[in-house]
Number of protein chains: 2
Amino acid sequence: MIKVLLYEDNPQLREGLTMLINGSDGFEVMAAYKNCTNVVEEVQSFKPDVIMMDIDMPGVNGIEGLKKIRAVNDDVKILMLTVFDDNANVFEAIRSGANGYILKKTPPAKLLEYIQEVQTGGAPMTASVAAQVLKMFTKQNALKGDDHDLSDREKQVLQLLVNGYSYKMIAGEMFIAIDTVRSHIKKIYEKLHVNSKSEAVAKAFKDRIV
Amino acid sequence: MIKVLLYEDNPQLREGLTMLINGSDGFEVMAAYKNCTNVVEEVQSFKPDVIMMDIDMPGVNGIEGLKKIRAVNDDVKILMLTVFDDNANVFEAIRSGANGYILKKTPPAKLLEYIQEVQTGGAPMTASVAAQVLKMFTKQNALKGDDHDLSDREKQVLQLLVNGYSYKMIAGEMFIAIDTVRSHIKKIYEKLHVNSKSEAVAKAFKDRIV
DNA sequence: TAATAATTAACATGCTTATGCGGTTGCAAA
DNA sequence: TTTGCAACCGCATAAGCATGTTAATTATTA
């Protein structure tokens, strides 16, 4: 029996969901609330398996409720419900430890399926939401942004700078004179529009050159 | 009519999928191949809407095939098929531009649904795969790792170092003497176990102190 | 062929950093 | 009330860095 706690401000939807879930074998709504005011106490006393949490609620919204729960409980599975696959909310919810993110228009049969999936450790997501997550993910992992047309040798020098090497050490590592190292670094500074070692290192991280 | 190109080395599964898709209204398998050897040419000549790509194939595997396609075409939707929700492959596929990632044991009805979803811009994912993506995502966005017990003032100095400030500029910015800046920085180096400005900056990025 | 860029190298000058030492003040915990 | 710590300040020295100028060689490209 999967024990569900429900947070949804719309009375019709709240009733509808409760009936749906309670009317299905293996599911049980322990309680349903119209806001997150006492969410921490409620979670602690009911100890549900899954929490269904509407994003858009008056007072304490779903994201805040999510954060409150996660501050005291990392185990309970939390399924976020929303009308729109809104970018900022998705990001914030995922970041705050939501286990799934589904649209309210999801058909009832699927909804039960999703509850089951989240309970067993999966992360059910409406495909459009998943697309956004992937987009954010690939953006963050975009390999090597603008390398500012650094030459191979210059990139090599920059890499060593990032690793904390001094000019002398770089010269030794690359088998070139220290003055050559200077030449390379001067060129790197021009290309990166910086004028110190630490600025170059910072830019290397920011622009994902290394 | 959604035009599908299929890559799957197992003959039974390849035939099964082809029959399933061709037997459904609105779907059409243009061709099905047992490997990715000529994937670029095939994609360019058939111009499919969706490509279903098995991960585990002899010769050129699915990930390599995916990369080859993405090198010449960013628009076609690519749905990865796999037996296991294997961590490394998921990561690599997502990073390389896959639009969805589903398990082979997905029931036929759902499979068609997924093809439709990916075609309209969604990112269908088996819940267990999505859970892994979320895990990676939250890990990357873990806010502020170990701050190495830097004091508030030390963190402030480090932040300015990261912004490329010299000692003199930091002194000006913080209304303290340059010798005080030195004191702070010396302490920072001790706590971060480094001994140069650029190393400190690099560590600040790596450990997400800033 | 001429021009451009990358790589290598040298020399000089002044500024910046790293590191050593020393110190005062104020606050909070033991 | 002593002890510890953060935050503040000073001086001195050696090493490291930034910047200027100059120039040879090689490779690529227009």
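Helices (H or I, at least four residues) and strands (E, at least two) are DSSP runs, numbered from the N terminus.

Before going on, note that this is a predicted model, in which local features need pLDDT of at least 70, side-chain atom pairs count only at pLDDT 80 or more, and totals for chains, interfaces and linings use all residues. Residues are numbered from 1 along each chain as its sequence is written, while chains are lettered from A and ligands numbered from 1 in the order in which they are written.

**The sheet of chain B**

Now show the strands of chain B: five of them form an open, parallel sheet in the order β2-β1-β3-β4-β5. Strands pair if DSSP finds at least two bridges between them. At the edges stand β2 (27–33) and β5 (100–103), each with a single partner strand, so one side of each has no neighbour in the sheet. From one strand to the next, the twist averages 25 degrees. Zoom in on β1 (residues 2–7) of chain B, which pairs with β2(B) in the parallel sense over six bridges; B:Lys3 has B:Glu28 of β2(B) as its bridge partner.

**Where the chains meet**

Next, color by chain. The contact takes 30 residues from chain A and 30 residues from chain B, counting residues whose C-beta atoms, placed from the backbone, lie within 7 Å. On the side of chain A, α6(A) gives the largest share, nine residues. That side divides into 16 nonpolar, 10 polar and four charged residues. (Ala, Val, Leu, Ile, Met, Phe, Trp, Tyr, Cys and Pro count as nonpolar, Asp, Glu, Lys and Arg as charged, and the others, Gly among them, as polar.)

**The DNA**

Finally, select DNA strand C. It is surrounded by 22 residues, the closest being A:Ser151, A:Arg153, A:Ile176, A:Ala177 and A:Asp179; near means a C-beta atom, placed from the backbone, within 6 Å. The largest share, five residues, comes from α9(A).

Move to DNA strand D, with 20 residues around it, the closest being B:Ser151, B:Arg153, B:Ile176, B:Ala177 and B:Asp179. Its surroundings hold five nonpolar, six polar and nine charged residues.

Key
Two residues are in contact if their C-beta atoms, placed from the backbone, lie within 7 Å. Axes are lines fitted to C-alpha atoms, for helices over the stretch in contact, and angles run from 0 to 180 degrees between N-to-C directions.
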